[in-house]
Amino acid sequence: MAITDKIYVKNHRQLASQLETSFPKGAFKGATLDILFQGEGLAKLNEASQDRVLDFAEDFLDCDCQANPHCGCPEEKFVRYLLELRAQGLGPDAIVDVMGDDYMLYAYPGDVLSFLDDSVRTLEAVEALADVDAKPDVEKQARESRDELV
């Protein structure tokens with residue numbers, strides 16, 4: 001299961017009440033993206049919620065894909081966002097706090113920790129395979145990326 005499947009909308013009940021409709025708690029679920037990021041839904045939210053939803057849309061939903069926002073780009077951008085937060089030295093608890101402040105999203109710190117651990121293990125595997133295939137540039141890049149996360 002991808003980390004984006006474990007990212008949830010903070011204050012879900014309050015937002016559902018403001019929108020006068022129900023939608024999934026998962027931030028990257030298709031129905032959530034459709035309801036929160038269409039103009040009519042956005043207009044029903046209070047100003048603070050609108051700002052966070054707009055920030056999320058600007059940072060993660062901005063792509064030229066035909067199937068936007070259901071193209072996979074938002075999830076990919078969000079994964080990069082999480083990895084960048086870790087590269088800045090934030091731990092799982094702090095990452096959860098920052099994404100809550102930035103976008104009104106939450107996750108369980110254990111899920112974030114598991115994602116980060118999986119990312120480090122994947123980079124270790126890439127590094128080992130690049131060594132076997134005699135690709136020093138790829139090996140160096142994987143090592144540097146891994147070192148940023150450790």
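Tutor: The account below begins with the salt bridges, moves on to a charged patch, and ends with the backbone.

This is a predicted model, in which local features need pLDDT of at least 70 and side-chain atom pairs count only at pLDDT 80 or more, while totals for chains, interfaces and linings use all residues. Residues are numbered from 1 along each chain as its sequence is written, and side-chain values use heavy atoms, with hydrogens and water left out.

A search of the whole structure gives 9 salt bridges, each being a side-chain nitrogen of Lys or Arg within 4 Å of a carboxyl oxygen of Asp or Glu. One of them joins the side chains of Lys6 and Asp111, at 4.0 Å from N to O. Because Lys6 lies in the segment before β1 (8–9) and Asp111 in helix α7 (residues 109–132), this pair ties together parts that are 105 residues apart in sequence; helices (H or I, at least four residues) and strands (E, at least two) are DSSP runs numbered from the N terminus. Lys6 is partly exposed at 22% relative accessible area, and Asp111 is partly exposed at 21%, where buried means under 20%, exposed over 50% and partly exposed in between (1.4 Å probe, protein chains only).

Within helix α7, Arg121 and Asp117 are 4 residues apart and thus separated by about one helical turn, and their side chains meet in a salt bridge of 3.0 Å, N to O. Arg121 is partly exposed at 44% relative accessibility, as is Asp117 at 34%. Helix α8 (residues 136–149) holds Glu144 and Lys140, again 4 residues apart, or about one helical turn, and the closest N and O atoms of their salt bridge are 3.8 Å apart. Both ends are partly exposed, Glu144 at 42% and Lys140 at 46%.

A network of salt bridges links Glu127, Glu139, Arg143, Arg146 and Asp147. Its member Arg143 is found in helix α8 and is partly exposed, with a relative accessible area of 31%. The C-alpha atoms of Arg143 and Leu123 are 7.1 Å apart in space, although the two residues are 20 apart in sequence.

Glu47, Asp51, Asp55, Glu58, Asp59, Asp62 and Asp64 form a negative surface patch. Charged patches are made of residues with over 30% relative accessible area and no salt bridge, like charges being joined within 9 Å, with Asp and Glu counted as negative and the charge placed at CG of Asp or CD of Glu. Asp59, one of the members, lies in helix α4 (residues 47–60) and is partly exposed at 40% relative accessibility.

Turning to the backbone, most residues other than glycine have a negative phi, and most peptide bonds are trans. The peptide bond from Asn68 to Pro69 is cis, with omega near 5°, and Pro69 lies in the loop between α4 and α5 (73–87). Glu20 has a positive phi near 55°; Glu20 sits in the loop between α1 (12–19) and α2 (30–36) and is exposed at 68% relative accessibility. Met104 also has a positive phi, near 60°, in the loop between α6 (92–103) and β2 (105–106), but Met104 counts as buried at 11% relative accessibility.

Key. Patches are made of residues with over 30% relative accessible area and no salt bridge: like charges are joined within 9 Å, nonpolar side chains (Val, Leu, Ile, Met, Phe, Trp, Tyr) within 5 Å. Accessible areas come from the Shrake-Rupley method with a 1.4 Å probe; for residues, only the protein chains shown count as cover.
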